[in-house]
Amino acid sequence: MMKQFYRLPRWLRIVLPAIFVSLCVGINAVAFTEMMTLFPQINPSQIFNQTILEQAEAKLASPTKLPVLPTATASSTLPFEPVSEPVPEPVPEPDTLTIEAKYGHLPYAEGNAIAMERIASYAEGDTQRYEMLHSDAAAALLDMVAAARVDGVWLVPTSGFRTIAEQRTLFNAQMATKGSPEAAALTSAPPGYSEHHTGYAVDLTDGTLPQAEDVSPAFAESFAYEWLLANADRFDFELSFADNNSQGIAYEPWHWRYIGSAAAKALFRPQSSAQSSAPLTIQP
């Protein structure tokens with residue numbers, strides 16, 4: 001067919017396509033006009049907005065009622081259990097302050113060596129050692145020693161601050177001599193349970209006694225002990241283990257402790273310190 005088309009004269013090959021295109025355009029125009037007559041043009045957004053408006057008017061005409069929840073009464077229960085956070089029970093204040101003892105001795109932490117001051121030199125030669133106390137106790141002790149000398153009494157410190165390691169050596173030696181820790185604890189505290197750890201406790205003797213009787217019952221018969229009983233409280237010292245004491249420790253007339261500062265009282269009298277207002281009980 002294309003060969004026959006190209007055999008036509010040139011002018012006819014130009015005119016025929018033009019006539020065909022014109023006919024197609026005319027036919028489409030007539031068809032579009034007929035369609036617009038049958039179906040008028042409508043904006044799609046108008047259709048959407050009209051639909052929403054109709055739905056809203058329908059809801060206003062017949063509003064939907066919300067369901068009514070049942071009211072809880074004494075004879076009815078809710079369909080669910082209300083959830084609430086658990087309320088913690090208050091912790092009651094302790095009625096007593098309980099301290100666990102070991103063979104009657106109370107526990108004490110080791111004091112800070114930096115806070116200790118030298119108070120005396122004890123013994124001579126290879127056995128010589130320097131005794132130390134907490135600075136508060138040291139100042140009070142030196143005042144007490146000076147006051148005793150005025151009255152003709154020679155107070156000599158024989159033992160002050162001790163580390164836990166030093167106390168362990170001492171206690172082991174007592175066990176070797178006495179045969180058991182219970183027997184050793186009558187005159188020597190186990191390591192970690194000595195008042196000497198605090199730096200506020202000191203052993204005293206009379207300078208007129210021989211060194212072998214320094215820490216012995218003989219001190220109870222000395223003038224130094226009598227003077228201490230009458231005057232030690234003026235310098236805030238007290239006897240730690242009196243005869244028949246509640247802790248069951250053997251009578252130690254040479255062992256005195258300083259209670260003149262808040263820190264010292266908190267250690268030796270916790271029931272009356274700011275740390276607790278509860279009475280003290282000792283659990284063996």
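Biologist: Which residue follows helix 5, and what is its phi?

Modeller: The model is a predicted one, in which local features need pLDDT of at least 70, side-chain atom pairs count only at pLDDT 80 or more, and totals for chains, interfaces and linings use all residues. Residues are numbered from 1 along each chain as its sequence is written, and side-chain values use heavy atoms, with hydrogens and water left out. Helices (H or I, at least four residues) and strands (E, at least two) are DSSP runs numbered from the N terminus. Helix 5 is followed by Gly179, whose phi is positive, near 100°.

Biologist: How far apart are the end C-alpha atoms of helix 5?

Modeller: The expected span of a helix is 1.5 Å times one less than its number of residues. Helix 5 covers residues 164-178, so its 15 residues should span 21 Å, and this agrees with end C-alpha atoms that are apart by 20 Å.

Biologist: Which element gives the most to the lining of the largest pocket?

Modeller: A pocket is an open set of points on a 1 Å grid over the protein atoms alone, with protein on both sides within 12 Å along at least five of seven lines, whereas a cavity is a set where a 1.4 Å probe fits but cannot get out, and lining residues have an atom within 4 Å of a point. The largest pocket is lined by 33 residues, and those nearest its centre are Ser159, Arg162, Leu170, His196 and Asp203. Strand 3 (129-134), strand 4 (155-159), helix 5 and strand 7 (252-258) each supply at least two of the lining residues. The most, 5 residues, come from helix 5.

Biologist: How much space lies in the largest pocket?

Modeller: A volume here is the space filled by probe spheres set on the grid points, which are joined across faces, edges and corners. For the largest pocket, this space is about 810 Å³.

Biologist: Is Ser194 buried or exposed?

Modeller: Ser194 is found in the loop between helix 6 (181-184) and strand 5 (201-206). Leaving aside neighbours within four places in sequence, Ser194 is in contact (heavy atoms within 4.5 Å) with Leu106, Tyr108, Arg162, Gln167 and Ala189. Buried means under 20% relative accessible area, exposed over 50% and partly exposed in between, with a 1.4 Å probe and protein chains only. At 3%, Ser194 is therefore buried.

Biologist: Which residues line the largest cavity?

Modeller: A search of the whole structure finds 1 cavity of 30 Å³ or more, and about 30 Å³ of space lies in the largest cavity. The lining consists of His105, Leu106, Tyr108, Tyr193, Glu195, Phe241 and Gln247.

Biologist: What is the relative accessibility of His134?

Modeller: His134 is found in strand 3, and beyond its neighbours within four places in sequence, it is in contact with Ala115, Met116, Gly199 and Tyr200. His134 counts as buried because its relative accessibility is 15%.

Biologist: What distance separates the C-alpha atoms of Ala218 and Trp254?

Modeller: Ala218 has its place in the loop between strand 5 and helix 7 (223-231), where it is partly exposed, with a relative accessible area of 26%. Ala218 and Trp254 are 36 residues apart along the chain, and their C-alpha atoms are separated by 9.7 Å.
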